[in-house]
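Please consult the sequence and the structure shown below.

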Protein chains: 2
Amino acid sequence: MTNPVTKDRRHFEDLAIGEVIDLGRTSVSREMITSFAREFDPFPFHLDEEAAKASLLGGLASSGWQTGALSLRMLVDRFLANVASCGGLGFRNLKWKNPVMVDDIIGGTATIAELRRSASHPQWGIVTLDFAIGNQHGKPVMTMRLANLVECRHPETGV
Amino acid sequence: MTNPVTKDRRHFEDLAIGEVIDLGRTSVSREMITSFAREFDPFPFHLDEEAAKASLLGGLASSGWQTGALSLRMLVDRFLANVASCGGLGFRNLKWKNPVMVDDIIGGTATIAELRRSASHPQWGIVTLDFAIGNQHGKPVMTMRLANLVECRHPETGV
């Protein structure tokens with residue numbers, strides 16, 4: 001049974017370990033940082049310039065959770081929008097390496113690290129992606145490993 | 001040297017393994033789901049009711065990343081706002097267990113799982129928190145383990 005919504009997108013069988021996805025780049029403005037922080041991470045070092053200067057971060061910096069959300073958006077735009085994705089399963093080993101400051105430009109790659117058919121659901125496979133996000137100075141900002149569910153084109157071939 | 005901003009807040013020495021933080025509850029509206037998804041996770045099953053009904057999720061559901069961000073906000077309100085926190089380091093083993101649907105009420109606990117002085121920076125300690133987030137039906141929604149940096153009140157006592 002072909003899913004009419006996703007039939008023209010890449011399926012599990014079309015993916016290969018080692019494929020590197022260029023995530024492009026995103027500029028992080030003061031307004032983006034403060035509006036996200038007000039909603040989800042209301043710490044002075046994400047909201048107020050003076051408090052941020054006195055903090056460990058040394059200046060106004062984004063919530064690490066926002067860095068993750070922006071990286072997810074880059075993955076959707078550059079990869080998942082063209083994949084028969086059923087959604088994420090979870091993350092492992094997310095590490096924030098350096099803060100993202102006002103007007104930093106972040107970007108990087110996601111690399112397919114593992115491909116595994118679901119043992120219990122032959123219609124799905126699990127793709128594991130390693131993110132490497134950095135800033136315009138070449139410094140690492142964040143790494144994480146995402147597990148995402150993808151439709152198989154040929155469920156009948158089994159696990 | 002006492003930090004005047006954080007001196008009245010809980011420091012690393014004030015925390016104990018096993019402490020359970022009640023995160024309270026948050027209601028997740030349709031507007032919250034679609035506005036977050038438009039910005040960070042623009043998949044039809046987070047944006048459009050009909051597409052969502054046809055998807056694995058069975059109805060309009062929040063981005064998993066939004067569930068994480070809302071859980072972080074609950075931790076700030078119920079715990080970190082009163083702690084001499086310097087920011088997050090990362091997290092391990094985030095798992096989405098069940099989708100969060102329109103008007104679901106999510107909540108749960110964060111439990112202090114580990115406390116460790118920084119080997120290289122005696123002024124800081126690392127607190128590890130295990131999140132258990134569920135919905136109003138008692139079903140699990142998300143688990144994750146967050147590592148967060150906290151000031152020590154007495155850096156001179158060493159590691």
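The model is predicted. Chain A can be superposed on chain B with an RMSD of 0.1 Å, and helix H1 of chain A meets helix H4 of chain B at roughly 70 degrees.

**Symmetry**
- The superposition of chain A on chain B takes a turn of 180 degrees and a shift of 0.0 Å along the axis; that is the relation of a two-fold axis.
- Within chain A, the C-alpha nearest the axis belongs to Arg92(A), at 2.5 Å from it.
- The copies meet through the same surface, because 100% of the interface residues of chain A are also interface residues in chain B.

**Helix pair between the chains**
- The axes of H1(A), residues 30-40, and H4(B), residues 64-78, come within 8 Å.
- Angles of 65 to 115 degrees count as roughly perpendicular, and H1(A) and H4(B) are therefore roughly perpendicular to each other.
- H1(A) contributes Arg38(A), Glu39(A) and Phe40(A) to the contact, while H4(B) contributes Ala69(B), Leu70(B), Leu72(B), Arg73(B) and Val76(B).
- By class, this contact has 5 nonpolar and 3 charged residues, with no polar ones.

**Helix H4 of chain A**
- The end C-alpha atoms of H4(A) are 21 Å apart, which agrees with the 21 Å that its 15 residues should span at 1.5 Å a residue.
- H4(A) is mostly covered, with 12 of its 15 residues buried.
- Among the buried residues of H4(A) are Trp65(A), Leu70(A), Leu72(A), Met74(A), Leu75(A) and Val76(A).
- Gly64(A), Gln66(A), Thr67(A), Gly68(A) and Ser71(A) are also among the buried residues.

How values were computed
Residues numbered from 1 in each chain as written. Chains lettered and ligands numbered in written order. Predicted model: local features only at pLDDT ≥ 70, side-chain atom pairs only at ≥ 80, totals over all residues. Heavy atoms only, no water. Axes fitted to C-alpha atoms, helices over the stretch in contact; angles between N-to-C directions. Helix = DSSP H or I, 4+ residues; strand = E, 2+ residues; numbered from the N terminus. Parallel < 35°, antiparallel > 145°, perpendicular 65-115°, else oblique. Contact = heavy atoms within 4.5 Å. Nonpolar A, V, L, I, M, F, W, Y, C, P; charged D, E, K, R; others polar. Expected span 1.5 Å × (residues − 1). Buried < 20%, exposed > 50% of the residue type's maximum accessible area, 1.4 Å probe, protein only. Least-squares fit on C-alpha atoms with pLDDT ≥ 70 in both.
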